[in-house]
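User: I am new to reading protein models. Could you take me through a few features, one at a time?

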Amino acid sequence: MKVRKVTAAASVLLALSLTATACGGDDKDDKGSGGGKKITIGIKFDQPGLGQKTPDGKYEGFDVDVATYVAKELGYKEGDIEWKEAKSADRETMLQRGDVDFIAATYSITPEREEKVDFAGPYLLAHQDILVRADDKSIKSPKDLNNKKLCSVAGSTSAQNVKKKLAPKADLQTYGGYSECLTGLQNKVIDALTTDDSILAGYAAQKEFEGKFKLAGFKMTNENYGIGVKKGSDLKKKINDALTKMVKDKAWDETVKKHFGPANYKNEPAPQIGDIVK
Amino acid sequence: MTSVLYDAPGPRAKRRNILYSIGFLVVLAAAAYWVYTKLDEKNQLEWVKWKPFFTDSRPWETYIWPGLENTLTAAAFAMLIALPLGAVFGIARLSDHAWVRWPSGAVVEFFRAIPVLILMVFANAALAEFTDVSSEDRPLYAVVTGLVLYNASVLAEIVRAGILSLPKGQSEAAMAIGLRKGQTMRSVLLPQSVTAMLPAIVSQLVVIVKDTALGGAMLTFSELLASVRPMSAAYGANTIACFTIVALIFVVINFILTTFASWLEGRLRRGKKSTGAVVPVAAVAGTQATGAEH
Amino acid sequence: MFDFLEGYDLWAAFWTTVKLTALSAVGSLIWGTLLAGMRVSPVPLMRGFGTAYVNVVRNIPLTVIIVFTSLGLFQTLNINMGADDFTTINFRLAVFGLTAYTAAFVCEALRSGINTVPVGQAEAARAIGLSFTQVLTLVILPQAFRSVVGPLANVLIALTKNTTVAAAIGVTEAALLMREMIENEAQLILIGAVFAFGYICLTLPTGLILGWVSKKVAVKR
């Protein structure tokens, strides 16, 4: 008889949990459409200097500042912004489905992506570069990377670039995230971490790493960071206007200096809207 | 604890055991010391790296707790759906009708043979393509789908093995007093086999909790293990500290789960409903079902 | 229909899976047997170690263990497994991690096997003056192994599937290739089917063959 009770209890629980999720779903819908004056923006949560969730539960970084500025120009206050994590693999889907209004998350403009979404900007020209230990003088040009221990994130284009073009003989370690690479770099089992210089600068600027790492300054590729919007969205023009204004009133320079300055990052001048460097 | 494998130690054996113990302790201590010096040498024991977890509640509130919440949610859903589903399939495989037995057997064997990670990745991609689940909820749905498909099949095998472990006389006696097949199952076989199955079921539940972490590694599901990513990024790549803390949390959760289960098992056994048969926990091994049918 | 497979080395990926499985299986069988020996040994400290090891390792997600082999063993303790290129190092680290994890389950399977050996066997062995090691290796374990072929087969199948986690430290086995293909190609269902089929080809025969073996060698009582 006990079993019957157990089964009954289990089915009640199941039913309860299902209704609970259903309600959860409704709540979110209310917030999305009913609130009216909210804007949802996709950023990275784990990229110091660009988009990082801080221990206080706030968000910090260059992408965050640019997105906040743009949102303000679009008529939203800082409190109206709802931040969502936009992981690299999810970005196109999130835009296509309308889960976010726009995405500023180290989002390079590429022809493949432009088939699926529209880009405003670019708002930053980054390059693939390497991060080495501050006392390491053995890497002077990308060619020196051959026979070196390199690290990057699994599946990233930076990793593929190294293997295919830049230094085919380099020994490449891939991990799930950059933090593991940095631990390896500190532990001296890895010689260089490679990805966009903006991302590297964000790490090197952290107070825990001050003076420990340096950027090599190789401009191995051109990465034009854009703000992704849904295909055909009228936001594109408005965001472009906001970006132009941000560059004009020097807010752009300030925020670049604030987030990348400590890393000695020599940033490219603010790019012209629509001017994509191949 | 007395064992049949060796005699109760006399004075000489006791001395010898102490010597072995000391020798073993020395080896362990040497290994521990070596690990300690190496960690120290690489600055992994620096207080800065560990401080956030002990002096500050923010990393727990911002990164660990939300992750833990997701882990527990996914695990709870997977358990609640997989348990009844597993019971249904397990009983279906024992059906007298071939048209029930065969398809359910095929389903169970199919999902047991495929890595749960692949089920998750596939579920995630399929959900993105064919449904309108929002990208926020999709990883959770995909993780739960993968876990349910796989663990329901494993639980089905446990249920089947549990029922088969009962003496044949039980169902014969039930038949003799005129119970129908459904009644035999409900009032005779299932209640008795539950105690036999319990240890195996619990290790499968532990597997469910652990396997939620696969969703973090491959599916961008923000569970406990995945919380290491933003956390280690915020604290200057203190990866070893972060992973250690998270691993400890997993051990604690699963320890609570197993302790609760052995308490429950003890209670059920005292109720004298058991035949003493047990579906071996070990047989459930890692992420696999019982081997009772082999 | 299957032209999307072009440009991907499916065989190499699955071959890595097979190698990972085979090596870890041998390793975990040895280490698991030693652990089981410790757990039933007369030395209290070894018993304690065996119990602690099994309970801790079983409760940690495999992903954490695999990542730890790379971050802890390789990066911090400088154990490079006798190789100096990442491909080899990571492969060996993955084998090490899978062995450490799977051994806990082998140990538990063996221990339940030891429990199935009738008490009289051990008593008789002790009566003729055999030591603990002799009782275990000559009398108990040979019988225990024969009764746990079935459960061990399940451990082996689980291990085969667990090799997918090696992708976390960059070992290019089948699951990593599948993720790459899903990223790049459009035939979602077909890719899923191909990989599901691949794993079924590996796991189903293992189960069937070892199931047959377990019936063959089972001790009739």
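User: What percentage of the 294 residues in chain B do buried residues make up?

Analyst: Burial is judged by counting neighbours: a residue is buried if 20 or more other C-beta atoms lie within 10 Å of its own. In this predicted model, 49% of the 294 residues in chain B are buried.

User: Which helices and strands does chain B have?

Analyst: Chain B has 10 helices and 0 strands. Read from the N terminus, its elements run α-α-α-α-α-α-α-α-α-α.

User: What is the radius of gyration of chain B, against that of a compact globule?

Analyst: The comparison is with a compact globule of 294 residues, which would have a radius near 19 Å, whereas chain B has 24 Å. Along the principal axes, the C-alpha atoms of chain B fill a box of roughly 75 × 70 × 30 Å.

User: Which residues of H10(B) are buried, and what covers them?

Analyst: Among the buried ones are B:Phe243, B:Phe250, B:Asn254 and B:Glu265. The cover includes helices H2, H8 and H9 of chain B, together with H6 of chain A and H3 of chain C.

User: How many residues of chain A are in contact with chain C?

Analyst: 13 residues of chain A are in contact with 11 residues of chain C. On the chain A side, strand S10 gives the largest share, 5 residues. By class, that side has 4 nonpolar, 7 polar and 2 charged residues.

Technical notes: Residues are numbered from 1 along each chain as its sequence is written. Chains are lettered from A and ligands numbered from 1 in the order in which they are written. This is a predicted model: local features need pLDDT of at least 70, side-chain atom pairs count only at pLDDT 80 or more; totals for chains, interfaces and linings use all residues. A residue is buried if 20 or more other C-beta atoms lie within 10 Å of its own, exposed if 12 or fewer, and partly exposed in between; C-beta atoms are placed from the backbone. Helices (H or I, at least four residues) and strands (E, at least two) are DSSP runs, numbered from the N terminus. Two residues are in contact if their C-beta atoms, placed from the backbone, lie within 7 Å. Ala, Val, Leu, Ile, Met, Phe, Trp, Tyr, Cys and Pro count as nonpolar, Asp, Glu, Lys and Arg as charged, and the others, Gly among them, as polar. The radius of gyration is taken over C-alpha atoms; the globule rule is 2.2 Å times the number of residues to the power 0.38.
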